[in-house]
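User: Hi! Could you walk me through this one with me looking on? I'll just ask things as they come up.

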Amino acid sequence: MTRWVPPLGLRFSLPLLLLLLAAAVIAPVHAYGKLKVGFYRQSCPDAEAIVRRIVTMAVEDDLTVTAPLLRLHFHDCFVRGCDGSVLLNSTKNNIAERDAKPNLTLDAFNVIDAIKEKLEEKCPGTVSCADILAVAARDAVSLATKVVTKGEWSEGGSLYEVETGRRDGRVSSAKEAAEELPDSFDEIQKLIKRFKSKGLGLKDLVVLSGAHALGNSHCPSLEKRLRNFTAEDDMDPTLDKAYAATLKQQCTSPDDNVTEVQMVPGRSTTFDSTYYRLVKENKGLFHSDEALLSNGATKMLVYGYMSSEKRFLKDFGVSMVNMGRADVLAGSEGEIRRTCAVLN
Ligand code: HEM
């Protein structure tokens with residue numbers, strides 16, 4: 001009987017296979033690899049429909065709720081990853097993210113709480129608060145998109161498919177939030193660095209900044225642009241002068257914490273690519289919006305999205321999925337909170 005001799009290629013393949021196995025063991029496995037579209041399909045089949053229903057009701061009641069829902073997910077993901085930590089209340093021993101200065105203008109917590117309450121009734125201990133934020137953000141921005149409301153999108157009118165499977169974190173620190181969240185006076189290099197630290201590139205930065213098509217800002221977030229900008233310039237030179245005069249009429253004093261200014265005058269409840277036209281015209285509300293013009297690559301992207309709304313909406317979905325993967329907890333990490341504002 002002749003002994004089977006493996007062909008040359010296969011003889012070398014065993015050590016190679018062992019090497020590959022070793023590499024696979026050593027290589028870090030990112031938790032975001034455990035996220036998937038439809039994570040709750042078996043464990044809570046109605047989860048996404050429940051989120052959609054409550055978000056829709058909230059939007060029907062108040063069109064402006066889409067913006068804070070979108071912003072909540074962003075502020076969650078940029079501090080300790082998308083782990084629902086932005087929703088935790090401070091305790092007597094800990095000042096939580098929610099009480100950090102940039103988070104004092106967050107809103108729509110009540111919508112998230114209403115969703116969580118319903119989900120706990122239906123599927124107790126199953127759907128994480130971090131995932132509720134991600135799905136609610138997707139639904140909010142989809143509802144604000146004319147393309148969706150015209151019914152041109154399939155999949156029940158979603159702008160993009162959202163991944164789920166995140167778990168909730170147990171740590172929330174105001175100090176970390178103050179350090180890590182982008183600031184409206186950041187220059188481009190700082191913005192790029194901040195986004196890079198969350199695994200996001202230049203394209204993500206530009207396309208996600210397009211979220212500023214929605215919502216409002218309070219005066220302190222742009223105040224410095226209007227008065228005492230630098231020792232040399234009283235006003236931010238990247239802000240259109242006529243627009244600055246209008247903004248000065250709205251924000252009359254440096255300590256005005258009450259007045260709200262629309263991101264896109266007259267249409268800040270519609271999600272589209274108008275934001276990029278405003279940026280090009282130096283009418284972006286924040287210095288950080290105008291900073292996108294100070295780098296060749298980001299400037300090109302601004303011009304590209306200005307001329308193609310379709311591309312913007314498509315890329316926005318891709319970048320939201322990218323952002324939603326930032327430092328997530330999955331598997332047996334963290335917990336599934338019963339109430340989003342308190343640890344189990
Ligand atoms: C690029 C860096 C960013 C900076 C510096 C920034 C800064 C700000 C500031 C200062 C406000 C106004 C807060 C206030 O005074 O009320 C705001 C509002 C908002 N931001 Fe951003 N943001 C950035 C990126 C993003 C991203 C990535 C998203 C979402 C994907 C987002 C979504 C929003 C929304 C929707 C609002 C309006 C909120 C409302 O009307 O309640 N922002 N942002």
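User: Let's begin with Tyr-40. Where does Tyr-40 lie?
Analyst: Tyr-40 sits in the loop between strand 1 and helix 3. Helices here are DSSP runs of H or I with at least four residues, strands are runs of E with at least two, and both are numbered from the N terminus. Also, this is a predicted model: local features need pLDDT of at least 70, side-chain atom pairs count only at pLDDT 80 or more, and totals for chains, interfaces and linings use all residues. Residues are numbered from 1 along each chain as its sequence is written.

User: Thanks. Is Tyr-40 buried or exposed?
Analyst: Tyr-40 is buried, with 20 other C-beta atoms within 10 Å. The cut-offs are 20 or more other C-beta atoms within 10 Å of a residue's own for buried, 12 or fewer for exposed, and partly exposed in between, with C-beta atoms placed from the backbone.

User: And which residues is Tyr-40 in contact with?
Analyst: Leaving aside neighbours within four places in sequence, Tyr-40 contacts Ala-47, Thr-126, Val-127 and Thr-164. A contact is a pair whose C-beta atoms, placed from the backbone, lie within 7 Å. Tyr-40 and Thr-126 are 86 residues apart in sequence, with their C-alpha atoms 8.2 Å apart in space.

User: What about Asp-46, where does that one lie?
Analyst: Asp-46 is in the loop between strand 1 (36-37) and helix 3 (47-61). Asp-46 is partly exposed, with 14 other C-beta atoms within 10 Å. From C-alpha to C-alpha, Asp-46 and Cys-123 are 9.1 Å apart, though 77 residues separate them in sequence.

User: Stepping back, how many helices and strands does the chain have?
Analyst: The chain has 16 helices and 4 strands. Of its 344 residues, 42% count as buried. Among contacts with a separation of 6 or more, 78% come from residues 24 or more positions apart.

User: Now the ligand. How many residues surround the ligand, and which are the closest?
Analyst: There are 24 residues around the ligand, and the closest are Ala-67, Thr-105, Ala-211, Gly-215 and His-218. A residue is near a molecule if its C-beta atom, placed from the backbone, lies within 6 Å of it.

User: Which elements each supply at least two residues of that shell around the ligand?
Analyst: Helix 4 (66-77), helix 10 and strand 3 (216-218) each supply at least two. The largest share, 5 residues, comes from helix 4.

User: And how do the residues of the shell divide into nonpolar, polar and charged?
Analyst: The shell has 10 nonpolar, 10 polar and 4 charged residues. Nonpolar covers Ala, Val, Leu, Ile, Met, Phe, Trp, Tyr, Cys and Pro; charged covers Asp, Glu, Lys and Arg; the others, Gly among them, count as polar.

User: Okay, helix packing. At what angle do helix 9 and helix 10 pack?
Analyst: Helix 9 (residues 188-196) and helix 10 (residues 202-209) pack at about 105°, with their axes 9 Å apart. Axes are lines fitted to C-alpha atoms, for helices over the stretch in contact, and angles run from 0 to 180 degrees between N-to-C directions. The two helices are therefore roughly perpendicular to each other. For reference, under 35 degrees is roughly parallel, over 145 roughly antiparallel, 65 to 115 roughly perpendicular and the rest oblique.

User: Which residues make the contact?
Analyst: Helix 9 brings Leu-191, Ile-192 and Phe-195, and helix 10 brings Leu-202, Asp-204 and Leu-205. These divide into 5 nonpolar, no polar and 1 charged.

User: Switching to Met-323. Where is Met-323 found?
Analyst: Met-323 is in helix 16. Met-323 counts as buried, with 23 C-beta neighbours inside 10 Å. Leaving aside neighbours within four places in sequence, Met-323 is in contact with Phe-74, Cys-77, Leu-200, Asp-204 and Leu-208.

Note on methods: Contact = placed C-beta atoms within 7 Å.
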